[in-house]
Amino acid sequence: MLSFLKGCSFVALISYAAAATQKTKLVLSNAIIAPDGFSRSAIVVNGIEPGSLITANKGDRLEIDVKNQLTDESMNKSTSVHWHGIFQHHTNAFDGAAFVTQCPIASGDSFLYKFNVENQAGTFWYHSHFNLQYCDGLRGPIVIYDPEDPYRYMYDVDDASTIITLMDWYHVNAYYVAAADNPAGILVNGMGRYPGGPNTTLSVTNVEHGKRYRIRLINMACKPHIIFSIDNHNFTIIEADGQPTLPYAVDTIPIYVGQRYSVILEANQPVDNYWIRALPGSYPSNFTNGLNSAILRYSGAPVAEPLNRTGPAINVLNEANLHARDTQVAPGLPYPGGADVSINLVGTMDNNTLEFFTNGFAYHPPDTPTLMQILSGARGIADLASQGTVYTLPANKVIEVSFPTEFLPTPHPFHLHGHAFYVVRNAGTTQYNYLNPVQRDTVNIGSLTDNVTIRFRTDNAGPWFLHWCVPEFARLLVIAL
């Protein structure tokens, strides 16, 4: 692994605006854990999985000291940590993408990530951005609170108790999980069960009748999207991936890998226990014996599992019905191709090697991080490694990216580092919306007949990843200069 660390010593000189500084330490180590009753070696952050919650206020500066104490090479001893959804304005060097903005942190070493969360607030998460590591446990939630939240009047409680993390869990090392393999089950807040396993304790979210809760929902899974619901309760969505939305009432939320939502939950049902459902949407599963489940417990209800379940969902989230709170018009002209630069990305999969190709090229990380190549004088595609998967983009222009999926039979989420984008065409529709599309940083590009289209401005210089959120596969590097 040390061979990957060559040529990786550099200093970034960055000026920061004055702000409150939130200092955090994340100690990464290996441990035997049994979140569903089955013991296996995994990666923990500060001794827990998922890792410690990181919080700050809008405008704060974060200093996060990551200490690498990993010793199990089967899950990689080197690492890097990405702060998913944080724009990293003027701090591209701390984005945490291995071999794009930094070298991996060697075992026994530390790395101090320093960045501001300038005009950002909402729900985010952190995870390893090195090989398959986050599937083995290196992940955790981030919440950036807004003291002037325009939706503050809609809820009474918004704290650590209202964060719900969702993740798939496997009983083997991530390197032994084949593309067709399904997880043992879904963990809710790091707790769950598996078929034939013990009746382990499930996660409980406690509420009081009559109060309103801002639930922050995060899909930290490695593979499946998850169909989220709570029996007998409705939600009002107010945030998607750190971007405020117009309030949108639903009772079921399909949430794809890397996505986050804030929803208002009103505790207006009779005092009782209610099932929280986290059904994987990528393979057949169920809720037998508390599989893929957690509990919503009203104060005064017995300490017991719910007795009943309710019927089918009737108001499922359709992303095309989500709109940005500030009703911003998408940049560019209101027709397909109406941008300064338009890029069409055709994804294909080699079913033998399981390698993902974009426009005929597979991404392979360079020996020297792309940022270091640029700082060393590389100025264009011809100067950079990983040719065919590097796109140079002009500064302060409107970029349109479309994702035709004729060769992809299942949904795929894509995430863009350093930016939020406008989703002008959603999965499941042929219509374009340039007037008031949702803004977010992770989108499901659909399958087969879809052509999801996004737009963004190149207003944040640096090399940024655009990639499929399933870590085994697609990565396409975008450079905005």
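User: How many cavities of 30 Å³ or more are there?

Analyst: This is a predicted model, and the count comes to three cavities of 30 Å³ or more.

User: What volume does the second largest cavity have?

Analyst: The second largest cavity holds about 60 Å³ of space.

User: And which residues line the second largest cavity?

Analyst: Its lining is made up of Leu 345, Val 346, Gly 347, Phe 356, Thr 358, Phe 403, Pro 404, Leu 408, Phe 414 and Ile 445. The elements that contribute two or more residues to this lining are β22 (355–358) and β24 (398–404).

User: What classes do those lining residues fall into?

Analyst: For the second largest cavity, eight lining residues are nonpolar and two are polar, while no charged residues take part.

User: Switching to the open spaces, what volume does the largest pocket have, and which residues lie nearest its centre?

Analyst: The largest pocket has a volume of about 900 Å³, and of the 39 residues that line this pocket, Asn 119, Gln 120, Gly 242, Gln 243 and Pro 244 lie nearest its centre. Two or more lining residues come from each of β8 (139–145), β12 (212–219), β14 (235–240), β15 (243–250) and β29 (451–457).

User: What is the class make-up of that pocket lining?

Analyst: The lining of the largest pocket has 15 charged residues, together with 14 nonpolar and 10 polar ones.

User: Why would the radius of gyration agree with a compact globule?

Analyst: The protein chain has a radius of gyration of 21 Å, which agrees with a compact globule because such a globule of 481 residues would have a value near 23 Å. Along the principal axes, the C-alpha atoms fill a box of roughly 65 × 55 × 50 Å.

User: What share of the residues is buried, and what does the surface come to?

Analyst: Buried residues account for 58% of the 481 residues, and the accessible surface is about 18,500 Å², with 52% of that area belonging to carbon and sulfur atoms.

How values were computed: Residues are numbered from 1 along each chain as its sequence is written. This is a predicted model: local features need pLDDT of at least 70, side-chain atom pairs count only at pLDDT 80 or more; totals for chains, interfaces and linings use all residues. Side-chain values use heavy atoms; hydrogens and water are left out. On a 1 Å grid over the protein atoms alone, a cavity is a set of points where a 1.4 Å probe fits but cannot get out, and a pocket is an open set with protein on both sides within 12 Å along at least five of seven lines; lining residues have an atom within 4 Å of a point. Grid points are joined across faces, edges and corners, and a volume is the space filled by probe spheres set on the points. Helices (H or I, at least four residues) and strands (E, at least two) are DSSP runs, numbered from the N terminus. Ala, Val, Leu, Ile, Met, Phe, Trp, Tyr, Cys and Pro count as nonpolar, Asp, Glu, Lys and Arg as charged, and the others, Gly among them, as polar. The radius of gyration is taken over C-alpha atoms; the globule rule is 2.2 Å times the number of residues to the power 0.38. Buried means under 20% relative accessible area, exposed over 50%, partly exposed in between (1.4 Å probe, protein chains only). Accessible areas come from the Shrake-Rupley method with a 1.4 Å probe; for residues, only the protein chains shown count as cover.
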